[in-house]
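Welcome, and thanks for taking a look at this structure.

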Amino acid sequence: MANLAHRIYEHWHSLPIRVRGAVIIAIPVTCLFTALGAFAWLKSSLAEDEAWVQHTQTVRLETKQLLNALIDAETGVRGYGLTRQNEFLAPYHQAQAVIPESLTRLRRLVSDNPQQVAHLEDIQTLVNENLAILQQKITLQQELRLLQEPTNMPVPTASLYEWLEEGRELMDETREAIDRFAQIEEELLTQRQQHQHQYRQITWIVLCGSGVLGTAGALLAIHLFFQLEQELADRELALTATNHRLEVACDQLQRFTANASHELRAPVAAVMANAQVGLMELDDPDEGLRLLRQRLYKIVALSKQMSGLVGELLFLARYEGSLASDALQPVDLTDLLWQLYADWLPQANANALQLTAHLPDHKVTVSADAILLRQAIANLLSNACRYTPAQGMVELHLQQQNLQAVVKVSDSGIGIPPEALPHIFERFYRVDPQRSKASGGMGLGLAIVQHIIQVHGGQIKATSMVGQGTTFQIFLPLAGGSLG
Amino acid sequence: MRILLVEDDADQREPLHAALTRSGHVVDAVGDGITARWLLGEKDYDLLIFDWMLPGEDGLSLCQSCRREGQGVPILILTAKDTTADKVMGLDAGADDYLVKPVDMEELLARVRALRRRSPLWQGDKLQVSELVLQLDTMRVERGDASLKLSGRDFQLLEYLMRHPQQILTHDQIEQALWEWGTEPESNAVTARVKRLRLRLRDIGADTWIETVYGLGYRLDPPAT
């Protein structure tokens with residue numbers, strides 16, 4: 001379950017923002033439309049129910065009217081029989097007009113219900129029979145009256161009773177049929193009222209449900225929206241960071257181009273200027289040759305400097321990427337550093353510097369190209385000697401630390417200002433243009449050191465205090481069996 | 001012409017200095033922006049040549065401060081920065097000309113001559129005192145049909161004398177005008193240079209034009225015709 005939720009979450013985050021925004025908007029809108037649809041459907045159902053209830057009630061009323069008309073007719077006829085007064089026949093005549101109309105209306109009303117239609121057919125037959133009997137009775141009475149007119153003798157009680165009883169059964173039967181019909185309608189009414197009630201409840205539940213769902217949907221949408229906003233903010237932050245990195249890289253490239261064009265052009269410009277001025281001075285009869293010789297020496301020196309520069313640039317280009325594995329041999333750093341110490345001791349002494357080595361008495365083996373590694377450390381020693389005033393100290397350390405060999409070259413020299421420290425490994429970067437020029441540096445020494453260490457999979461760090469000295473630390477991964 | 005040359009690379013500064021001096025200019029050559037700034041406050045120059053990237057204060061900022069102070073002296077920027085944006089920036093900072101290193105020496109000297117012509121102090125390609133004519137571009141001195149090519153040093157002295165005819169110019173004044181900043185002339189250096197110039201002018205019979213005023217100095221005094 002948690003896994004599924006996680007997968008959905010992952011999938012959600014992989015969607016493009018456009019899609020996610022659309023989903024977030026769609027949630028409350030869907031809730032709204034669902035609620036509206038359900039509500040409309042229930043409302044129409046209720047209206048239908050209402051119509052049915054109304055309809056049933058009309059049928060009931062009509063039935064009652066029919067029954068009343070029939071009873072009125074019978075009562076009227078009975079009254080006429082007893083009194084022979086014509087005014088008692090008025091309800092009967094009225095019923096004669098009302099009953100067919102009522103029956104027609106009823107037929108129309110129950111036309112949707114075949115069972116009731118059948119019932120109605122029965123009722124109609126019975127009613128017609130009843131009406132026929134009533135008619136017969138009246139005719140009988142009238143004939144009797146015509147016969148007895150002169151005597152004006154009252155009707156004998158027995159025959160009157162018989163007359164009255166005639167058709168009673170049929171009347172009861174009709175009444176029962178009508179009652180049954182009404183009963184069925186009554187049941188239908190109850191059913192429909194129940195149905196209506198049920199739908200009312202469902203409507204209420206659906207309304208509450210869609211309210212809850214809508215609220216939940218809105219809350220979810222708000223949550224997702226906040227999440228999206230947070231993500232956008234994160235993205236912007238990441239973009240700013242990337243932008244910053246790009247700016248730094250761009251600055252570095254720009255510095256490199258400016259410095260490189262300066263460094264590469266300077267010796268060419270100097271060679272050209274010396275050669276051209278030498279040619280001019282050749283016209284000078286007394287001094288010409290002497291000056292020309294000086295200029296040629298200068299040109300030779302400058303060409304050597306340029307050649308060195310070209311060599312260094314080619315070196316950097318040649319070892320771009322990483323070293324081929326067959327160029328790597330197990331190198332004992334302890335031994336290598338002792339050799340370097342011995343090589344640099346005379347130079348340090350000549351500069352009145354105290355060079356000391358703090359090296360372990362066992363082997364520290366790294367996998368390296370010995371010539372390159374030697375050049376890297378020699379560059380650091382050369383820098384240390386160059387930037388340390390007389391009577392200063394230069395120290396060479398080696399130690400093992402967490403599967404790494406750490407070579408440390410520290411001096412008590414002039415140091416590097418903090419603002420220059422991040423740039424010292426850049427090609428052609430110069431802390432102080434004039435000083436390094438005077439000291440013979442080319443601005444590529446540290447770039448080469450860093451390059452060599454990097455192609456060996458190592459790292460180099462520099463720490464410095466102005467006026468107190470600089471420490472370079474080289475970290476190289478140890479080769480297997482380093483203690484062997 | 002007195003020129004301030006600011007270039008931090010000594011290997012380039014020295015031949016530039018030599019070439020400009022040979023062309024008859026007095027050149028103060030310095031290697032950093034701070035010294036250049038100080039010299040600008042101390043002396044008047046006819047032309048400034050700045051490298052862009054300099055220790056202390058860069059050439060662009062020197063250029064801008066000169067213009068801010070309202071100095072109309074021509075400025076030439078000589079640099080390794082070669083993009084169009086750099087050139088626009090350099091010229092907008094107030095430079096009159098912009099040259100990218102490595103520069104051909106002939107072109108540099110031609111541009112220096114062109115800048116001199118554009119200077120508000122320019123008085124023409126030649127100086128004339130009586131029948132003595134000094135061609136500034138070719139460093140030739142002419143008198144009638146005779147003409148003579150002078151060395152840079154001799155030309156500097158003669159130009160100075162011809163710009164101030166009839167005036168007595170003391171040793172001090174000559175030293176101030178003709179010696180570069182940072183060089184101390186020896187006690188008889190002025191005398192030696194005058195002597196050398198007189199020797200050269202003898203070829204066109206003008207050696208007597210430079211008169212020694214004892215105890216004071218020298219004067220260019222054309223003989224009455």
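Leu115(B) is buried, because 22 other C-beta atoms lie within 10 Å. Leu115(B) belongs to helix α5 of chain B. Please keep in mind as you explore that this is a predicted model.

**Around Leu115(B)**

- Which residues does Leu115(B) touch, once its neighbours within four places in sequence are left aside? They are Leu47(B), Pro74(B), Leu76(B), Asp96(B) and Asp97(B).
- Asp46(B) is 69 residues away from Leu115(B) in sequence, yet their C-alpha atoms are 9.4 Å apart in space.

**Chain B as a whole**

- Chain B has 8 helices and 12 strands.
- Its length is 225 residues, and 36% of them count as buried.
- Among the contacts in chain B with a separation of 6 or more, 55% join residues 24 or more positions apart.

- Thr212(B) sits in strand β11, which covers residues 210-213 of chain B.
- Is Thr212(B) buried or partly exposed? Thr212(B) counts as partly exposed, because it has 13 C-beta neighbours inside 10 Å.
- Between Thr212(B) and Leu169(B) there are 9.8 Å from C-alpha to C-alpha, while in sequence the two are 43 residues apart.
- The peptide bond that leads from Lys101(B) to Pro102(B) is cis, and its omega is near -5 degrees.
- You will find Pro102(B) in the loop that runs between β5 (97-100) and α5 (105-118) of chain B.
- Ser130(B) is not a glycine, but it has a positive phi of about 55 degrees.
- Ser130(B) has 15 C-beta neighbours inside 10 Å, so it counts as partly exposed.

**Where the two chains meet**

- How many residues of chain B are in contact with chain A? The number is 19, and they are in contact with 20 residues of chain A.
- Helix α1 (residues 10-22) of chain B gives the largest share of the side of chain B that touches chain A, with 7 residues.
- By class, the side of chain B that touches chain A has 10 nonpolar, 1 polar and 8 charged residues.

**Chain A as a whole**

- Chain A contains 11 helices and 7 strands.
- Of its 484 residues, 24% are buried.
- Residues 24 or more positions apart make up 76% of the chain A contacts with a separation of 6 or more.

- Helix α2 of chain A runs over residues 17-83, which is 67 residues. From first C-alpha to last, α2(A) reaches 98 Å, close to the 99 Å expected at 1.5 Å a residue.
- At Ala26(A), α2(A) bends by about 30 degrees, and the proline Pro28(A) follows within four residues.
- Helix α6 of chain A covers residues 168-281, which is 114 residues. At 1.5 Å a residue α6(A) should span 170 Å, and the 162 Å between its end C-alpha atoms agrees with this.
- There is a bend of about 30 degrees in α6(A) at Arg265(A), with a proline, Pro267(A), following within four residues.

**The pair α8 and α9 of chain A**

- Helix α8 (residues 333-350) and helix α9 (residues 370-386) of chain A have axes that come within 11 Å and cross at roughly 35 degrees.
- This crossing of α8(A) and α9(A) is right-handed.
- On the α8(A) side, the residues that meet α9(A) are Leu336(A), Leu340(A), Trp344(A), Gln347(A) and Ala348(A).
- On the α9(A) side, they are Ala370(A), Leu373(A), Arg374(A), Ile377(A), Ala378(A), Leu381(A) and Cys385(A).
- The contact of α8(A) with α9(A) has 10 nonpolar, 1 polar and 1 charged residues.

**A last stop at Phe428(A)**

- Phe428(A) has a positive phi of about 70 degrees, although it is not a glycine.
- Look for Phe428(A) in the loop between β5 (404-411) and α10 (433-439) of chain A.
- Why does Phe428(A) count as buried? Phe428(A) has 20 C-beta neighbours inside 10 Å, and a residue is buried if there are 20 or more.

Methods
Residues are numbered from 1 along each chain as its sequence is written. Chains are lettered from A and ligands numbered from 1 in the order in which they are written. This is a predicted model: local features need pLDDT of at least 70, side-chain atom pairs count only at pLDDT 80 or more; totals for chains, interfaces and linings use all residues. Helices (H or I, at least four residues) and strands (E, at least two) are DSSP runs, numbered from the N terminus. The expected span of a helix is 1.5 Å times one less than its number of residues. The bend at a residue is the angle between axes fitted to the seven residues ending there and the seven starting there. Two residues are in contact if their C-beta atoms, placed from the backbone, lie within 7 Å. Ala, Val, Leu, Ile, Met, Phe, Trp, Tyr, Cys and Pro count as nonpolar, Asp, Glu, Lys and Arg as charged, and the others, Gly among them, as polar. A residue is buried if 20 or more other C-beta atoms lie within 10 Å of its own, exposed if 12 or fewer, and partly exposed in between; C-beta atoms are placed from the backbone. Axes are lines fitted to C-alpha atoms, for helices over the stretch in contact, and angles run from 0 to 180 degrees between N-to-C directions. A crossing is left-handed if the near helix is turned anticlockwise from the far one by less than a right angle, and right-handed if clockwise.
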